[in-house]
Amino acid sequence: MTAKKILLVEDEKAIRDMIGFALRRAGFEILEAENCRLARTVIVDAQPDLAIVDWMLPDQSGLEFTRQLKRDQVTSALPVIMLTARAEESDKVAGLEGGADDYLTKPFSPRELIARINAVLRRAGSTPSSDVIDVEGLRLDQAGHRVLVGERTVPLGPTEYRMLEFFMTHPERVYTREQLLDRVWGGNVYVEERTVDVHIRRLRKALEEFGYDRLVQTVRGAGYRFSSRAD
Ligand code: CA
C-alpha cells in the first residue's frame, strides 16, 4: 500500500516540523504549505489524501479556505482537519459548519492527531464514489482518475487529465488562459499562458479519436469552454 499523502497548511515552521516529524514516523507522506495560495497549488499538483489546515494563516483564514475547498467540486472530496489555538465551542461549530471533517485544538499530542487522521481517512475511504460525470458518453471517473468512452480509457497525460476533469466539472463556462492556469496548474506563476494552448491541443488530439474534440471550444478573444452545445 502506498503512503497516504497529508498536506499540512500552517505558517509556523516549528509546528509544521513537529507535526511533520510525527506523521512521517507514522508512515505518512507529508506535503507542506505555509499559506493558502501555496496549498491550492499543492492540492492540484500532488492530490493529497487529506489536508490539515490551521485556522490562523497569513493570506486567508483557514476556515475561509476550507469553505472554498468544500464548495469547489474539484476539491470538495478532500478531507480536512482544522487546527486552532482557541478551545471555544463556537469555533468548533464554525469549523465544522465550514466543512471541516474534524477539528483539533492546540496543543494536542501527535498521537491524538494521528488517531483523528486515521478516523477521517477511514470515513472518506468508505464513501462509495459514484461520481461519474457523463457528457454524451464521455465519462469522467474521478475515483478511478480516468476518462472513459465505452470500455476504452482515453489516453491522457496528467495535465490533460486535470484539464479535462476541470472542464467536465465546470462545463458551459468560458475560462481565460489565466483562469485555467490558476485552476488546472494551481496558479503556478512560472507557467506561461501559451502553455495552456499546448495542452489544449494535446487534449483535443486525444479526444479527436473518440469524436469528442468538438467539446473543447475556443472562444475567440476570451479563452476556452467545455460545452456539448454547438460552438
Ligand atoms: Ca498559524
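This is a predicted model: local features need pLDDT of at least 70, side-chain atom pairs count only at pLDDT 80 or more; totals for chains, interfaces and linings use all residues.

We've got 5 strands in an open sheet, ordered β2-β1-β3-β4-β5, with parallel pairing. Who sits at the edges? That's β2, residues 29-33, and β5, residues 102-105. Each of those has a single partner strand, so one side of each has no neighbour in the sheet. On average, neighbouring strands are turned by 20° against each other, ignoring direction.

If you zoom in on β1 and β2, they run parallel and are joined by 5 bridges.

Now the helix. α3, residues 62-71, packs on this sheet and touches β1, β3 and β4. Its direction makes about 170° with that of β4, which covers residues 80-84.

What coordinates the calcium ion? It's E10 and D11 through OE and OD, D54 through OD, and M56 through O, at 2.2 to 2.5 Å. Along the sequence, the donor spacing reads E-D-x42-D-x1-M. And here's the bit I like: E10 is in the loop between β1 (5-9) and α1 (13-25), while D54 is in strand β3, residues 50-54, so this pair ties together parts 44 residues apart in sequence. Are those two buried or exposed? Both E10 and D54 are buried.

That's me done, happy to chat.

Definitions and conventions
Residues are numbered from 1 along each chain as its sequence is written. Side-chain values use heavy atoms; hydrogens and water are left out. Donors are N, O and S atoms within 2.8 Å of the metal (3.2 Å for Na, K and Ca); water is not among the atoms, so sites may look incomplete. Helices (H or I, at least four residues) and strands (E, at least two) are DSSP runs, numbered from the N terminus. Buried means under 20% relative accessible area, exposed over 50%, partly exposed in between (1.4 Å probe, protein chains only). Two strands pair if DSSP finds at least two bridges between them. Axes are lines fitted to C-alpha atoms, for helices over the stretch in contact, and angles run from 0 to 180 degrees between N-to-C directions. Contact means heavy atoms within 4.5 Å.
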